[in-house]
Amino acid sequence: MSTLSYAVHDSVTMLRRNIKHALRYPGVSLGASMTPIMMLLLFVYAFGDSIGSGMGGGRDAYLDYLTPGIIIMGVAAGSMSTSVAVCTDMTEGIINRFRTMNITRSSFMTGHVVGSVLTTMVSLVLVVCVALAIGFRPNANPLEWLAAAGLLTAIAFAVTWLSCALGLISKTVESASNKPLLVQFLPFLGSAFVPAESMSPGLRWFAEYQPFTPMTETLRGLLSGSEIGYDGWISLAWCAGIALVGYVWSRSLFTSNTKR
């Protein structure tokens, strides 16, 4: 077998391990979807009428506007479990056992990342089902749904690599669960809940140039069947940049930690 074949085989083994953990503790795996769902219900039923009327529509119109932002928030929320899982493996001794085994070093991180992306996508299905149950009505055709799924996968992949690095720099599980909070709530400071045009000048500038705003607008355009302009390419560029930074950072941290 070639070096690449060994790496793929070891990564699949680690992926299988993480999937078994996810199936054994479904509350932890799918718990990340609870925050977006609660935010969806809160904003629609508590503030939907007032915010919707301020945007020139009603509660149903605001639900259609809000749901893509909540879905993006669900992707960011799913990164927390990766940070905790990586920190747990690094601090509870299992990594010492992996050191003695003939496995590819990168397979440890790859298994965590791919496993987290899969569980995040399953969680997003739950979020979308709740949104549909309360009245969300997208106008996307099958091709646009496929593009939306691809975009969400790319975002989850990028954010999960960053979360993996945050887990590697954490000394305790508690700190690992806190570090991704900024990523999780960054969509709040974008166009997820209200249009960036309605914000104050300073906050509007930040909202327009942070990564989650073009991602949210791209997903909103795909699900509504409207034009997305350059937001799609900008979103993919952000995903590539975040994934590259997360991968390089994670690899460097993991190499230095396993040499101790």
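Reader: What share of the contacts with a separation of 6 or more comes from residues 24 or more positions apart?
Author: That share is 80%. Keep in mind that this is a predicted model.

Reader: OK, and how many helices and strands are there?
Author: The protein has 12 helices and zero strands. Read from the N terminus, the order is α-α-α-α-α-α-α-α-α-α-α-α.

Reader: Switching topic: which residues does UniProt mark as "transmembrane region"?
Author: The unreviewed UniProt entry puts that annotation on residues 23-45, 65-87, 108-134, 146-169, 181-199 and 232-250.

Reader: What does the model show for 146-169?
Author: That span is 100% helix and 0% strand, with its end C-alpha atoms 35 Å apart.

Reader: And what about 232-250?
Author: Residues 232-250 are also 100% helix and 0% strand. Their end C-alpha atoms lie 27 Å apart.

Reader: How much of the protein is buried?
Author: Of its 260 residues, 46% count as buried. The accessible surface comes to about 12,800 Å², and carbon and sulfur atoms hold 67% of that.

Reader: Last one: how many positive and negative side chains are there?
Author: There are 16 positive and 13 negative ones. The centres of the two sets sit 19 Å apart.

Note on methods. Residues are numbered from 1 along each chain as its sequence is written. This is a predicted model: local features need pLDDT of at least 70, side-chain atom pairs count only at pLDDT 80 or more; totals for chains, interfaces and linings use all residues. Side-chain values use heavy atoms; hydrogens and water are left out. Helices (H or I, at least four residues) and strands (E, at least two) are DSSP runs, numbered from the N terminus. Buried means under 20% relative accessible area, exposed over 50%, partly exposed in between (1.4 Å probe, protein chains only). Contact means heavy atoms within 4.5 Å. Accessible areas come from the Shrake-Rupley method with a 1.4 Å probe; for residues, only the protein chains shown count as cover. Lys and Arg count as positive and Asp and Glu as negative; His and the chain ends are not counted. The place of a charge is taken as NZ of Lys, CZ of Arg, CG of Asp or CD of Glu. UniProt positions are given in the numbering used here, feature names are shortened, and annotations may be inferred rather than shown by experiment.
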